[in-house]
Structure formats: C-alpha cells, structure tokens
Amino acid sequence: MLTRRRLLTATAAAAATALAPRRLWAASTLTLGGTRIDTLSDGSLVLPGDFILGGMPQDEMQAIVAKYRLPTDQLTPPCNVTLLRDGTNTVLFDVGAGPDFQPSAGKLMEAFDAIGLTVDDITHVLFTHAHPDHLWGLLDDFDEPLFPNAEYMIGQAEFDYWTNPDTVASIGEARATFAVGAARRLAAIAETVRLLADGEKPLPGIAARLTPGHTPGHLAYEIAGPTPVMVLGDCIGNHHVAFERPEWESGSDQDKALAAGTRTALLDRLATEGHAIIGYHLPGGGIGRVERADIGYRFSEDI
Ligand SMILES: [Zn+2]
C-alpha cells in the first residue's frame, strides 16, 4: 500500500529574517510498508531550452510544451533527491549539485536541516549517474566525501567512463567540464566505491537497472514492494516531451538514439506494470506514475 503526503517547510533561517527571501522546502513522501521514501528538493536548474528541445520537430514540440504552460527558450527543471529510510538503512539516491554548478541548485543541505537529517545519518549513497546536478554535491569544503558514514555505489560502466582519462578529450567541448568535475569527485571515493552491474542488488529489495543513453552507465533503481517504485534518475528526464514523444531524441542525452530506445521501452514497462516512479526532474516532488495517452504517455502525480 502506497501512501503519500506533501510537506512544505519554511527553514528557520529564512523565517528569522523578515527581508530574507522566503524559501519553501518541498518534500514529498511515499510509505511502502515499513519503508519511508521522501524526495528532497536540491533546488532547480536553469537550462537553455535548446539543450533539451533543440533537435526535435519544432512545431510539434512547441505545441506539447505549451500544454504544460512552459516556455521553450529556457527551462527550469526541479531537482529531486530521493531519501529512503527503512529503520536500518538511510539511503540517498544522488547527492545534488553542491555549491559549484548553478546558484539555483545545491540546496540539499537546507532540505536536510528542514527535516532534521544530518550527513552522519546517511548509510548508503546510490548514484544514478555522474552528471553535475546528481554528483557534484559529493564533496565537502575540504574535498572529502560529505557523508562520512556512507557506502557509495555507482554503475560499473558509469564509473569506468567518467574516470577514463580519454573522456575529457572525447566527450566534446560542451560537456568537458562535466567530465573534469566527475573525474575529480569519483577519484575521492575510488578506493571504496562499490561498482554495480545491471540487475545487481546494492541493498536487499533494491535492484540496479542499466538504463543507458543519457549517460553510458546510467542506472535506475527498482525498489521491491506490492507496488514497486522505480527511482529513474534522468532516463525519463521531463514530464512533457519525454512522456508524449519518448522516441524523439533529446539534446540532453549523450547517446541520443540509445537514450530514446531506453526511454521508450521503460515507459512501456512502467505503464504496463504500474510502478510508482520518482523522476529527478519531474514536477511536484517527482513522484507519480506512467499512464498511457492517445499519443505516448502522460505523467500522473496520483499514485
Ligand atoms: Zn539531471
């Protein structure tokens, strides 16, 4: 049985100063038996629309995006970090962007404060992939891993790709900083990180699902239960074109054709099997389901 509630919490710091911008922290919660899953906001990104929408049939794309009342010149997707607590383990799926990527992101520690969680509480960190908005929150001010008690895990193929010294030169100018940033952060956990294969279970009841294309070794994580929950990362990257036209190639995916194939197959499976999903860049805290539509699919926030 899945239940859900939403929390909006004003931070004490923001409330203390009348002139400070009033920041509201969104957290959404799923309860799955004795397991509680929250999504915590890391803030949002500011992206040129072309980064995601550029290569698509422009008239049709415009019509789809307009239905969601979004502009197409600039997109500001939310970033939802998933937190799972089962009474034994406190698991984080990705760690947010940290202070060095975009000023609108890297807010995860404020969300921790708002719910009374500390970095010491985290027992495991499961990465979906090594892009800045998912990985760059890894290091503290001393370049040490921010979660001192956590075991870190990431896909074997993902780790191999971003730590390969050839990647910086081969990935292309637009993503070279992604490669430098990923290599530096993964080096900080290289001695101890656990590398996951497709289908491997990083923890009991959680299975890694290789979902490549957005990045070479992208993993989603399937959490078992009467209603399984799929933590998607970025293999389904938005609630508009990715659902309605999953077969369209997106500029945000490194291997665009592979990513489109992954997205199309996964949406079919998720709609058929009725999973709950958590998308890193989906609205309303990212929790919902996949429903079939006349054309493609739609994201439903009902679970
Ligand atoms: Zn992302």
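**Exercise 1. Burial of two zinc donors**

Classify Asp-234 and His-281 as buried or exposed, then work out how they take part in the zinc site.

Step 1. Asp-234 and His-281 are both buried; the term stands for under 20% relative accessible area, against over 50% for exposed and the range in between for partly exposed (1.4 Å probe, protein chains only). This is a predicted model, in which local features need pLDDT of at least 70 and side-chain atom pairs count only at pLDDT 80 or more, while totals for chains, interfaces and linings use all residues. Residues are numbered from 1 along each chain as its sequence is written, and side-chain values use heavy atoms, with hydrogens and water left out.

Step 2. List the donors (N, O and S atoms within 2.8 Å of the metal, or 3.2 Å for Na, K and Ca; water is not among the atoms, so sites may look incomplete). Asp-133 (OD), His-134 (NE2), Asp-234 (OD) and His-281 (NE2) are the protein donors of the zinc ion, lying 2.1 Å from it.

Step 3. Assign the geometry. The angles among the 4 donor atoms run from 84 to 168°, and the site is irregular. Four donors are tetrahedral if all angles lie between 85 and 135 degrees; four are square planar and six octahedral if opposite donors are over 155 degrees apart and all others between 65 and 115; anything else is irregular.

Step 4. Helices (H or I, at least four residues) and strands (E, at least two) are DSSP runs numbered from the N terminus.

**Exercise 2. The largest pocket**

Give the volume of the largest pocket and describe its lining.

Step 1. The volume is about 530 Å³. Its 34 lining residues include Leu-47, Ile-52, Pro-77, Gly-237 and His-281, which are the closest to its centre. Two or more lining residues come from each of helix H2 (49–53), strand E5 (74–75), helix H5 (132–135) and helix H9 (241–244).

Step 2. The lining divides into 17 nonpolar, 12 polar and 5 charged residues. Ala, Val, Leu, Ile, Met, Phe, Trp, Tyr, Cys and Pro are nonpolar, Asp, Glu, Lys and Arg charged, and the others, Gly among them, polar.

Step 3. Terms: on a 1 Å grid over the protein atoms alone, a pocket is an open set of points with protein on both sides within 12 Å along at least five of seven lines, and lining residues have an atom within 4 Å of a point. Volume is the space filled by probe spheres set on the points.

**Exercise 3. The second largest pocket**

Describe the second largest pocket in the same terms.

Step 1. About 270 Å³ of space lies here. There are 19 lining residues, with Gly-98, Pro-99, Gly-137, Leu-139 and Leu-146 the closest to the centre. Helix H4 (108–115) and helix H8 (176–189) each give two or more residues.

Step 2. H4 provides the largest share, 3 residues. By class, the lining holds 7 nonpolar, 3 polar and 9 charged residues.

**Exercise 4. Positive phi**

Where does Asp-94 lie, and where does Asp-143?

Step 1. Most residues other than glycine have a negative phi. Asp-94 is not a glycine, yet its phi is positive, about 70°. Asp-94 belongs to the loop between strand E7 (90–93) and H4, and is buried at 1% relative accessibility.

Step 2. Asp-143, also not a glycine, has a positive phi of about 60°. Asp-143 is in the loop between H5 and strand E9 (151–155). Asp-143 counts as partly exposed because its relative accessibility is 43%.

Methods:
On a 1 Å grid over the protein atoms alone, a cavity is a set of points where a 1.4 Å probe fits but cannot get out, and a pocket is an open set with protein on both sides within 12 Å along at least five of seven lines; lining residues have an atom within 4 Å of a point.
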